[in-house]
Amino acid sequence: MSAVTSPITAPVTTEEKVEHHYLNHSSGFLSWALTLDHKRIGMMYLAGILFAFFLGGVFALAIRFHLWNPNKDPDLALFTNQTYNRIFTLHGAIMVFLFIIPSVPAALGNFLLPIMLGTKDVAFPRLNLSSFYLWVIGFIFFSFTLATSGIDTGWTFYTPYSIETTSSVTPATFGVFILGFSSIFTGLNFIVTINTMRPPGMTWFRMPLFLWAVYATSIIQVLATPVLGITVLLLAMERLIGIGIFDPALNGDPVTFQHFFWFYSHPAVYIMILPAMGIISELMSVHSHKGIFGYRMIAYSSIAIALFGFLVWGHHMFTAGMSDITTIVFSALTFTVSIPSAIKVFNWVGTMYQGTVAINTPMVYALSFLFLFTIGGLTGLFLGALSVDMHLHDTYFVVAHFHYVMMGGTLVAFVGGLFHWWPKMTGKMFNDAAGILSGVIVFIGFNLTFLPQFVLGTRGMPRRYASYVEEFQELHRLSTIGAATLGVGLLVAGIVLLHSLFYGKKAPKNPWGGATLEWECSSPPPHDNFSSPPSVGDPYDFSKIEYDGKSGGYVKK
Amino acid sequence: MANSHSSTADAHGHAGDAHGHGDGEFAHPAPIWMLLAVFFALLVLTFLTVFQARFDLGDLEIVLTLFIATVKAGLVIAFFMHLLWDKPLNAIVILSSLIFVSLFLGFCLMDAKGYRNNLIMDPNGDLLEKSKPASQLVKTSN
Amino acid sequence: MTTEAAVHTDNHDHGHHDHPAWLAHHFDDAQQQFDAGKFGMWMFLVTEVLFFSGMFCAYVLFRNRNPEVFEYCSSFLNTKLGAINTGVLLFSSLTMAWAVRAAQLKQHTLLVGMLGATLGCAAVFLGVKAVEYTHKWELGLLPGKLYVAQVENAVHADHHYLRNVLIVPLIYTVIGLLYYLYSIVISSRLHRQIAGPVFVSGVCFFAGVLLGQYLESGDHGDHAAHASHSTSHGDEAGHDGAASSHSGTDVATANAATPPLTLVSDSSRLLNPDVFVSPVEQEIPRSDVNNQGMAGLFFSIYYCMTGVHAVHIIGGMVVIIWLIVKAARHEFHSQYFGPVDNVGLYWHLVDFIWIYLFPLLYLIT
Amino acid sequence: MNMSILADIQEGFWFPKAASSFADRVDFLYFAILWICVIFFVPIVAAMIYFTYKYRQRPGYRGSTEALHNNTIEVTWTVVPTLIVVWIFWEGAAGYLEMSRVPDDTLDINVYAQKWNWSFKYKENGGESNILYVPVNQNIKLIMQSKDVLHSFFVPAFRAKRDVVPGRYTYMWFRPTVEGVYDLFCTEYCGDSHSNMITKVHVVSEEKYKAQLAEMVKEPEDIIERGKWFYQRKACMSCHYAGEIGAKGPGPNYNGSWGKPVKLSDGTEVIFDEQYVLNSIRNPGSQKRAGYENASAMPAYSKSDLKDEQVDAIIAFIQSLKDAKP
């Protein structure tokens, strides 16, 4: 459909000369394993998190297939209750700690941040590499958990259940602890890089919005993650020697655990969504070939979300027995976060106005994000309103809500961003029509999976149930069909990307017509990113960028 | 603040004279007298805080203790850690961490006050039974 | 790494080749490298502050809930040892700050000396801490579920905790000594400057242990009765040759001096599933303090806070040794002293946290 | 079995039947927010689709590239949503306060949550039941405690939920307005059989409630029946299958086990007899069955939890299942 005018399908003239770039800069296993190059570290992260995502996705499908039937008779169920509990816990823990949190910042961010900023590398390349290895160690701890008795506490590790269960919680907490440090190091590195290493001309307000978003994310990573570290450390101590701080049997307090946990884990929600918002800001403007609407508002709202995000953790605990005054204060603060998010959505739509909107794979994902994230954001209003939350808390409504934000938001943006920067990262173009197809299937499958869950939740279906009353069966089946569709869509996306690696055309320097710095270096970029210092201009000035049929990409006039 | 700044700028000048590196000057050696003065101030404050703990001051005590500790911490941060001479950004960074800590403590405390009356100490009733010492714990105090 | 470096040198297309060895290739100049490192360190300190904040939060919540428990248990902590450790840490902060100055002024020998002094202070601190910890373990003042507190019988006195704790520092000291002897044999200034501080810090640890023991035994002033002394000390006296000047504390005297503190437990108020309770009229039940859920919880918090702090001290010692190696090689100068400065910042933060821990744990009256 | 629930579905697409005094307010706010969402969502998506079509990239068309910026619009779309969320917050908080402030004239019922069983104790006569009986049109106050882990009390038809937290009392209240039978779920994850921690609320008339209470305190005369009665009330049934009731797992099945040898996890074998049953109740960890090493631990029942003669009744009950099909 759009392929007619799409620049990608235009004939590409390939120069036969072998170019020097970061992928062929050096070879051998050690040249990757010990690399200090942010691009290679980013690619290793990408491979790692995609594997983690695959694992988490398999668990997700297992959950949905288990719920095909109400399982009133445990003998007929696909899994036993115990197995089901372990599956949903691992689904959550793997998706949150191993996939979503590192997905955009550590994989795409590592690759893009120095290039977009115009520097040679991040401030602390060794720290960057160690952060990747910490991720690997964290992954190993989780694999160990998986290989032993699994873990059945839910990804939230709520005490006192996590203290008394016989599953291997301790290795999982060590895994989380280590992954936390991985996350802190990445965030710290990015903050320092952006603060101290901007080249001449790169002022704060010439930074692409993706960098603003990553910067805001990094602030949260640095400020919030240590608290998770101490929380899981105390939990591990609780299990190892019984310190009792969170254990009511020793006069400890389980609600204190929830405060500790959510002080990190709510901001962590913004660690997950903010970089995705940054991706969408890039995608919307580049593929509309139009400057972003209200640049400063979007930049400020990223920071505002990061800071307000620290004030609202209590909304995970509205029914947990918090005092009334705390509950009401948290509810009020919760609503403050909705405003900057709303502003962003309006600005993205405003960006398309009077632009030149290309319909290609990244844009399809971006539009799909807009649709899904808006639903995700709006359904947050139900949960922020206290009296309604009393009914909806811990039901499938919540499950649907956060999947719309985390998956419909972050994952879709991540895949969109992956398609967008794929030519830059690998130097290969993918099949755009197939990419669009994958986007459409993902969109349909996603809505089919999670829209019914809103209704389920409102009707009172609690979450984390291995079996349910028959009344809910039809909606559950709808959801399972959707999940299968979603799986197919993501599979198609994966095939498209893999196919391009082997059969893709060579990517031009600037296939989409972007104005940020990463499109000024060749695809893939050379080892040191820029052979000569880049000239920094307005990241959203598209007026001088014209399509050039000869190279198949855009060039600056 | 302005006051201390000017005096420390003097200190700089001093130290700067002592050696002479021309290019890209960012090393600001702290004068020895200042380090020693801060150290002795810290020692005096430590004695003070131990000393005041001997008196029962009631509710005031925790306030006084924390006040002295904060003065000490302030001295360490300002002089030993050179924050006074450092970029303002670094000061903002460390202060913001304290803001977030107080936020964390504040909300938790606010909640704790609310549920205080609902607590059931020793819910299973077995702590007293199980950990009853063979003999009474003896304490001496002064 | 080697491949990286090799390729890097023969790939000359990016201008900056006046980079000295101490300036990483992706930085423009020394100032940028220094600023980046320092800013990164401050960010790291922020994470440290928040890391500790979790435990401070637990402290505040439980002290707020059961002030009497904190008051009671705090008297088992030896204020003198705490105060001395505070002094030692403050002194180490002084030497660290001085070390930064020495690095900036290229006073290499003074720098090694100052770093060595810092290392030694850290060791003294740990030595005193080892005595404090093992002494409490002997009394059964353990965290949470492990709490037994049968002070008079000194249930754990036969465990020789201290002797076991001393094994690792002993190995460390012996290695330091052997290394020092080796450096004298080959008469290498570099190695002597590294081995010296390492060996001395090992000795300092034992000095700290002796100091701790002396104060823990010589002073019956403001902490719990010490039934365990006669047993535990007899053993240690042989070990370290300390004078057996401790006057095997007389429990009976201590008992007579102050009546045992007993909070009457009112177990009828505790939850009993067979009795209908209407909790509305009920205030917070006060249980006996001397159990796992009260005193045990205090000691959980105490061990977590001071334990994590001690781990930071040990981590600090490792990086200080690394600094000593660099300093002995004369690597620092006015354009490159970032590592000393940044480790210094870290070290001061460890001190900073102790400045709060000391009054909050030891000085509750 | 779930006919009562099937009946619910006729009440509407979104919500189960509204059966408490809170329901109107919650449902009103829910639908108000729903409409607000629609009012925002539809124009956003419509604009998105329209722009995508109108400004699509095509030969001969080149849109503007200039970044737009319009203060009036930006202020409008900041202020209007702010006002709307302020109203939502207000309405939600007011509804919440109504739920959390317990009125003075309440009928008090103690709730004990335990893995994976609800038990309710009535103040009037000390009666105990696993199904919650409440009289219609009276303010009911629940005083809730958990014996082990976190649970959460949720009755969708009442739109009311509150976590049950070990180590403290939590309270909630509601006033049922319509007689009927409603689902009661546990909504805080509590382990293996979390999804089986379901029971019913019977909202009945005042007289029926009185009759139920009287019925409740009558223990069956027959020892086997009494054993079954305790089996149902003392949370045994939430882990052990017996006859044709109870949960299949995580604990061993009672059927056909009496008198047979039992393999223990340490390799030894014992006979399933009085001694074994008593020991398993008083000290469950001591003789773990082979194959159940990783099952959730059974709580120990002290003599105050379960008196000796009550254990005898349970033994008699298990004995009666000697020949039942496993």
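Q: What is the radius of gyration of chain D, and what would a compact globule of 326 residues have?
A: Chain D has 28 Å, whereas a compact globule of 326 residues would come out near 20 Å. The radius is taken over C-alpha atoms, and the globule rule is 2.2 Å times the number of residues to the power 0.38. This is a predicted model, where local features need pLDDT of at least 70 and side-chain atom pairs count only at pLDDT 80 or more, while totals for chains, interfaces and linings use all residues. Residues are numbered from 1 along each chain as its sequence is written, and chains are lettered from A and ligands numbered from 1 in the order in which they are written.

Q: What does the C-alpha trace of chain D span along its principal axes?
A: About 90 × 55 × 35 Å.

Q: And how many helices and strands are in chain D?
A: Chain D has seven helices and twelve strands. These are DSSP runs numbered from the N terminus: H or I over at least four residues for helices, E over at least two for strands.

Q: Which domains is chain D divided into?
A: Domain 1 is 3-57 + 68-100, domain 2 is 107-216 and domain 3 is 223-320. The bounds come from an automatic or database domain assignment.

Q: How many residues of domain 1 of chain D are in contact with domain 2 of chain D?
A: Twelve residues of domain 1 are in contact with 15 residues of domain 2; contact here puts the C-beta atoms, placed from the backbone, within 7 Å. On the domain 1 side, α1 (3-8) and α2 (23-54) of chain D each supply at least two residues. The C-alpha centres of these two domains of chain D lie 31 Å apart.

Q: Switching to chain A. How many residues of chain A are in contact with chain D?
A: 84 residues of chain A are in contact with 82 residues of chain D. On the chain A side, α10(A) supplies the largest share, 15 residues. By class, the chain A side has 45 nonpolar, 30 polar and nine charged residues. Ala, Val, Leu, Ile, Met, Phe, Trp, Tyr, Cys and Pro count as nonpolar, Asp, Glu, Lys and Arg as charged, and the others, Gly among them, as polar.

Q: Back in chain D, why is strand β7 largely enclosed by the rest of the structure?
A: Five of the five residues of β7 (residues 160-164) of chain D are buried, so the strand is largely enclosed. Buried takes 20 or more other C-beta atoms within 10 Å of a residue's own, exposed 12 or fewer, and partly exposed lies in between, with C-beta atoms placed from the backbone. D:A160, D:R162 and D:V164 are on one side of β7(D), with D:K161 and D:D163 on the other.

Q: In what sense do β6 and β7 of chain D pair?
A: β6 (residues 151-155) of chain D and β7(D) pair in the antiparallel sense over five bridges; a pair needs at least two DSSP bridges. D:S152 has D:D163 as its bridge partner. The two strands form a hairpin with four residues between them, and D:R159 in the turn has a positive phi of about 55 degrees.

Q: Where is A:F157, and what is its phi?
A: A:F157 is in the loop between α4 and α5 of chain A, with phi near 55 degrees, a positive value in a residue other than glycine. It counts as buried, with 24 C-beta neighbours inside 10 Å. A:P160 is in the loop between α4 (125-147) and α5 (161-164) of chain A, and the peptide bond from A:T159 to A:P160 is cis, with omega near -5 degrees.

Methods: Two residues are in contact if their C-beta atoms, placed from the backbone, lie within 7 Å.
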